[in-house]
Amino acid sequence: MTTFQLDKAHSSVAFQVRHMMISKAKGEFTNFDVEVQGDINELESLKVKATIDAASIDTKNADRDNHLRSADFFDVENHPTITFVSESVRKLSDTEYEVTGKLTIRGVTRTETFKVEYNGQVKNPLTGGISVGFDVEGTINREDYGLVWNVALETGGFLVGKEVKILASFEFALS
């Protein structure tokens, strides 16, 4: 069994969503934790639990962030965390995997599958220990989780797109 310690300084959880049908609004969650259990030499054995503080959303726009925290979107007062708990890891190649699990947002739980790229292992020159990295990517429909607020545009379409692209990178120290 490998012990994984999340290196938060070298990890991120970001997202992007279509804005007014013409651009992409981007943001991140600044407070999160990822627990991993299993054997680094057998990635299909890994069990993952990610917990995100929904109130830590940061889109570099305070008014938008406050709106996203409100009952119109994440309703952080009643649903303070977003969680993902893996159920299976499937190897696609030496570096590509699919992780399927239960994603819970705003009290709604659905099964989602994310693509994971395993970036390998390296000896950390600062600590002498071994570090590993993973990149995660996937797309969810925000409306599936009750995040349905929107405004119709005069020219057609909506202010906020339904599809949200998730982009995360995680670095772990191993022991």
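**Entry 1: a loop and its patch**

I started with Ile 22, which counts as exposed at 66% relative accessibility. For my own use: buried means under 20% relative accessible area, exposed over 50%, and partly exposed in between, with a 1.4 Å probe and protein chains only. I found Ile 22 in the loop between strand 2 (12-19) and strand 3 (23-29). Strands here are DSSP runs of E with at least two residues, helices are runs of H or I with at least four, and both are numbered from the N terminus.

Ile 22 belongs to a nonpolar surface patch together with Met 20 and Met 21, and their accessible area comes to about 310 Å² together. A patch takes residues with over 30% relative accessible area and no salt bridge, joining nonpolar side chains (Val, Leu, Ile, Met, Phe, Trp, Tyr) within 5 Å and like charges within 9 Å. The areas come from the Shrake-Rupley method with a 1.4 Å probe, and for residues only the protein chains shown count as cover.

**Entry 2: what I'm reading from**

I keep in mind that this is a predicted model, where local features need pLDDT of at least 70 and side-chain atom pairs count only at pLDDT 80 or more, while totals for chains, interfaces and linings use all residues. Residues are numbered from 1 along each chain as its sequence is written, and side-chain values use heavy atoms, leaving out hydrogens and water.

**Entry 3: the whole chain**

I counted one helix and 11 strands. The order along the sequence is β-β-β-β-β-β-α-β-β-β-β-β. The radius of gyration is 17 Å, close to the 16 Å from the globule rule for 175 residues, so the chain is as compact as a globular protein of that length. That radius is taken over C-alpha atoms, and the rule is 2.2 Å times the number of residues to the power 0.38. The C-alpha trace spans about 55 × 30 × 30 Å along its principal axes. Of the 175 residues, 38% are buried.

**Entry 4: strand 1**

Strand 1 (residues 2-6) has Thr 2, Phe 4 and Leu 6 on its covered face, with Thr 3 and Gln 5 on the uncovered one. I looked up its partners, where pairing takes at least two DSSP bridges between the strands. Strand 4 (residues 32-39) runs antiparallel to strand 1 and is joined to it by two bridges; there, Gln 37 is the bridge partner of Thr 3. Strand 11 (residues 160-174) is also antiparallel to strand 1, with three bridges, and its Leu 174 stands opposite Phe 4.

**Entry 5: Ser 131**

Is Ser 131 buried or exposed? Its relative accessible area is 8%, so I noted Ser 131 as buried. Ser 131 sits in strand 10 (residues 130-141). Beyond its neighbours within four places in sequence, its contacts (heavy atoms within 4.5 Å) include Val 122, Asn 124 and Phe 172.

**Entry 6: salt bridges**

How many salt bridges does the structure hold? I got five, each being a side-chain nitrogen of Lys or Arg within 4 Å of a carboxyl oxygen of Asp or Glu. One of them joins Asp 144 and Arg 110, with the closest N and O atoms 3.6 Å apart. That pair links distant parts of the chain, 34 residues apart: Asp 144 lies in the loop between strand 10 and strand 11, Arg 110 in strand 9 (residues 108-123). Asp 94 and Lys 91 meet in another, at 3.5 Å from N to O.
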